[in-house]
Amino acid sequence: MQLTAANARKQLQLATRGLLSASLGLHVHGVAAEVNGKMEMSNLYYAEEDRVTVNKTQFYSRTEISEEQFASIKLVFDTMTGATPNGRVALSPEQNSQVTVTTASGFSFQTQSADRSDSNAPWLSNFTDTRVGTDLEYEFPLRRFLNSTFTLSGGVSTERDYRSLNSGARLEIPINNKRSTFTLGSSINNDLIEPEDGVQLQGTRFQCDDPIPASLVSLCTKPPKYFPSRNKIVNSGFVGLTQIWNQSTLFQLNYSYNDINGYLSDPYKLVSFTRTLHDGDNVGLDEVAIFKEKRPDKRLTESVYFKMIKTLPKDALHLSYRLFWDSWQLRANTLHLKMYRYFDHSKYIMWHIRANYQMPAWFYQKTVNVDSYEYPKYFSADHRLGPQTTFTTGVKIGLITNRRTETSIKLDYMEQQYRDGVLPGMRVFIAQFNLYIEI
Amino acid sequence: MHKTKYIAATLLFILVSGCAYEKVKPWHRDLLAQPQAQLVPDPLELASDEHIYFSKEGAFGGQGAGGGGCGCN
């Protein structure tokens, strides 16, 4: 094709749109055609082995309302049900696959396997919940300020016992003759936790809401009481740089932080206070009391995220790494590799693998041992704050039925292992179906 | 941790300095304009994945500001 002034201008326009699309994370199809908007619908099915299942439906629409001004809306509907670990002791440290319980005598103990499928096990809690949420965005150009783009956002999400309000802003500045894009972002979340009444326990177990001296644990007879609603505020900041390295390579480097204050504990998570039992040569744990977990009321998280995209005419490699750390001393390293392969313009396959290695928060404990009659100010047995390793792998197949419609299905397998043996490993199956339409 | 921050800052400097990469003209960016070369090829898929990992891990975020919005962690 001969390069004339007209088609050179068109090529420049399309290439610029491509770079801006890369910065904004838009899904661009039909580069040769003008796109006024797009719609996307997805349905996700998430199933843990013998535990939680989730069905999630999402709808997203983005429309150009006037020249270079865009509005978008996202709707989400989740249903969740199943049994989830509540933090009570399930595995004794010496007998990795058995549950220790006390008898009426107090010192002898029976053991039973930590049956993954037993939803009535004392270390599992059953729940059902639904979530409805919506997010809105308005994007417009700031031509007089470095030819940048500004985006305002807001949203609300509500569940039976949780409500979240959020608002944010993002500024994207093309620099270096549009070979680079500098992004600044900020947002605030105001969350309200309204948990249901305290966990009901059977038998002779006592439940206490606040830590009391270990020597008085046996005297703790307070019944479960109504748990008042509490707030959590999250202030977030983000700075990022996207850089075109050469004709086929793009880099992204982000730094983000979250300053979180308020009630940060999980109101349904428990911690077993235990003492060591000796029965002949056998050693186990005696659960003497159960407390609600108690996390600090402040948390500052930071992360550095790096991504490289390398393209070939039909393939694209996405490689990303995230380093996460916070004031709770929790650290995580996450590596994610994706490979796209396009077969002509009508179908593609994507394969990916993700690995996450997490080190625990400083107040995380499988149980609080009170042999020494001392107890910590903060404690949590929530396995999500513990030492864990997560692997995810999957494949996605996409069909582009015409230049403006795409359907895809993605199947993932996820496995999470707990390096301190607090729980049996978790296996998850995830399926996601997407329909994308340009309008 | 300070060492990590210095490494990140150095990477950022290299990216911004512009001295080690090609000066790619806009009409040479056709490969990067393809759908598979977008930073976020599928926003809904990313949102679902991030929600799953937010619910099951202690770490979260990295690709933008904000997060959460549910009682799942």
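Predicted model: local features only at pLDDT ≥ 70, side-chain atom pairs only at ≥ 80, totals over all residues.

Me: What percentage of the 439 residues in chain A do buried residues make up?

Reply: Residues are numbered from 1 along each chain as its sequence is written, chains are lettered from A and ligands numbered from 1 in the order in which they are written, and side-chain values use heavy atoms, with hydrogens and water left out. Buried means under 20% relative accessible area, exposed means over 50%, and partly exposed lies in between, with a 1.4 Å probe and protein chains only. By that rule, the buried share of the 439 residues in chain A is 51%.

Me: How many helices and strands are there in chain A?

Reply: Helices (H or I, at least four residues) and strands (E, at least two) are DSSP runs, numbered from the N terminus. Chain B comes to 2 helices and 0 strands. For chain A, the count is 1 helix and 22 strands.

Me: What is the mean pLDDT of chain B?

Reply: Chain B has 73 residues, and 55% of them are buried. A pLDDT of 70 or more is reached by 53% of its residues. The model as a whole scores ipTM 0.81 and pTM 0.82. For chain B, the mean pLDDT is 73.

Me: Which residues touch the most other members of the largest nonpolar core?

Reply: A nonpolar core is a set of buried Ala, Val, Leu, Ile, Met, Phe, Trp, Tyr and Cys residues joined through side-chain atoms within 4.5 Å. The largest one has 34 residues, and those touching the most other members are A:Y46, A:L385, A:M414 and B:I52. At least two residues of this core come from each of β1 (37–48), β3 (69–85), β21 and β22 of chain A and α2 (43–56) of chain B. So that you can find them again, the names asked for are A:Y46, A:L385, A:M414 and B:I52.

Me: Which residues does B:I52 touch, leaving out those up to four places away in sequence?

Reply: Contact means heavy atoms within 4.5 Å. With residues up to four places away in sequence not counted, B:I52 touches A:L44, A:Y46, A:M414 and A:I430.

Me: Which element gives the most to the nonpolar patch?

Reply: Patches are made of residues with over 30% relative accessible area and no salt bridge; like charges are joined within 9 Å, and nonpolar side chains (Val, Leu, Ile, Met, Phe, Trp, Tyr) within 5 Å. This surface patch has about 1,000 Å² of accessible area together, and A:Y45, A:I349, A:W351 and A:I353 are among its residues. Accessible areas come from the Shrake-Rupley method with a 1.4 Å probe, and for residues only the protein chains shown count as cover. With 3 residues, the element that gives the most is β18(A).

Me: Is A:W351 buried or partly exposed?

Reply: A:W351 is found in strand β18 of chain A. Its relative accessible area is 41%, so A:W351 is partly exposed.

Me: How far apart are the closest N and O atoms of A:E293 and A:R295?

Reply: Side chains of opposite charge can pair when their charged atoms come close. A salt bridge is a side-chain nitrogen of Lys or Arg within 4 Å of a carboxyl oxygen of Asp or Glu. A:E293 is buried at a relative accessible area of 5%, and A:R295 is buried at 6%. In their salt bridge, the closest N and O atoms are apart by 2.6 Å.

Me: Which residue of chain B meets A:K338 in a salt bridge?

Reply: The two side chains meet at 3.7 Å, N to O, and both residues are buried. The pair crosses between chains, from strand β17 of chain A to helix α2 of chain B. The partner of A:K338 is B:E45.

Me: Where does A:E68 lie?

Reply: Most residues other than glycine have a negative phi. A:E68 is not a glycine, yet its phi is positive, about 60°. At 38% relative accessibility, A:E68 is partly exposed. Its place is the loop between β2 (53–66) and β3 of chain A.

Me: Is A:N177 buried or exposed?

Reply: A:N177 also has a positive phi, near 55°. A:N177 sits in the loop between β8 (162–175) and β9 (180–193) of chain A. Its relative accessibility is 55%, so A:N177 counts as exposed.

Notes. pLDDT = per-residue confidence, 0-100.
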